[in-house]
Amino acid sequence: MKNFIYQNPVKILFGKGQIGRLQNEVPKEARVMLTYGGGSIFKNGVYHQVIEALKGYHIIEFGGIEPNPRFETLMKAVAVARAENIDFLLAVGGGSVIDGTKFIAAAVPFEGDPWDILSKGARIKDAVKLGTVLTLPATGSEMNSNSVVTNERLQRKLAFASPYVYPLFSILDPEVTYSLPKRQVANGLVDSFVHVMEQYMTIPSDAPLNDRLAESILKTLIELAPDALKEIPDYENRANLMWSSTMALNGLIGLGVPNDWATHGIGHELTALHGIDHAVTLAIVLPGLLRVMKEQKRIKLLQYAERVWNLTEGSEEERIEKCIQLTEDFFRSTGILTRLSEHNVGFETIDEIVKRFSLPGARRLGELGNIDADKIKQILVSRV
Ligand code: NZQ
Ligand code: ZN
């Protein structure tokens, strides 16, 4: 294992009725900006619960944060927050609202052009405090320090991370997920699954505890999927789904081990250029990436085949191919389409993505930094 330093300061309030505890968590004297998305919180009663819990507080609202939150929209919120001297942000929504709110939090005190936070990795020295009420289990944003923002005009989707944007607290009430459309439950299952794979499916690193934690989350997600996708939601099922997706990306399982993140790096380009849902891009890319990087990942692929999919028979080649196929079958069983052609994406887009990764200074992806433009082309061409 490699050295690591870990401090995750997020207080989790998990379970039914926890929104009612908001007043214990948000400072009484705060000037609060409540941020939300396209309005799902009005239809499912979450807005009402939040406002009830925060009676007597000074609150202004900023709605309309889109899925794949847009820089342009977030900068409007930054202007309002500055003008209103906001000193607490409460994000109520999925990963997009939470990520967007983290960006607002960092941008408000930032001196200079906040786009530099994303495009140049500009150092963040402070941020407005924030808390979250999570409504969609998927990204882990409720318990990590990452944020991904899209610049619509430049067609770029970029991430930043800073310890200043860890939420102070996150409320995880599984009942608020009951109103999710099946498409978003599927997205959450697949995004969480791939978060684990990015931290697990690399090269051996003598970290059996990390491996088993990762495998247990993968197996739990596979077990939960059929009931999670049924018309009528079940509390225990949603509770376990919510906690699994938080555990998948709160930083714990990736400590001290190599991380890949190439599937995400390539996937973000597909979203930037085509608006494909984040999780769907991952379901498209991962099977291709596993095949192209099969030699490097051989030992972990065989371990994954045995421990997650119970594959013990046949040659190594057969077991590896079978576990990649079962992974893709799992994604498809949620209703997600895993081929580029099924999303009307063709070679033009592949050429553009390859071009982006061929530019001087372009990031090289993967646990060994050896997934270059040529490999990215092989991966995407195999997914048409
Ligand atoms: O906008 P509203 O009206 O709230 O509707 C949303 C949105 O349309 C809806 N929704 C959310 N909760 C609901 C609900 N509908 C009914 N009932 C509920 N309880 O779902 C739609 C999608 O929401 P979104 O927040 O976009 O989804 P998700 O949580 O999957 O977030 C995706 C974003 O997170 C980023 C992705 O790149 C993408 O931009 N990620 C963030 C990460 C992080 N911060 O660590 C890591 C991830 O890898 C990912 O990159
Ligand atoms: Zn993701």
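Of the 384 residues of the protein, 57% count as buried, a term that stands for under 20% relative accessible area, computed with a 1.4 Å probe on protein chains only. This is a predicted model, in which local features need pLDDT of at least 70, side-chain atom pairs count only at pLDDT 80 or more, and totals for chains, interfaces and linings use all residues. Residues are numbered from 1 along each chain as its sequence is written, chains are lettered from A and ligands numbered from 1 in the order in which they are written, and side-chain values use heavy atoms, with hydrogens and water left out.

Let me turn to the fold. The secondary structure comprises 15 helices and eight strands, taken as DSSP runs (H or I, at least four residues, for helices; E, at least two, for strands) and numbered from the N terminus. The radius of gyration, 20 Å, is close to the 21 Å that the globule rule gives for 384 residues, so the protein is as compact as a globular protein of that length. That radius is taken over C-alpha atoms, and the rule is 2.2 Å times the number of residues to the power 0.38.

I come now to the metal. Which residues coordinate the zinc ion (ligand 2)? They are D191 (OD), H195 (NE2), H264 (NE2) and H278 (NE2), at 2.0 to 2.1 Å. Donors here are N, O and S atoms within 2.8 Å of the metal (3.2 Å for Na, K and Ca); water is not among the atoms, so sites may look incomplete. In sequence, the donor residues follow the spacing D-x3-H-x68-H-x13-H. H264 lies in helix α10 (residues 262-274) and H278 in helix α11 (residues 278-292), 14 residues apart. Both H264 and H278 are buried.

Methods. Buried means under 20% relative accessible area, exposed over 50%, partly exposed in between (1.4 Å probe, protein chains only).
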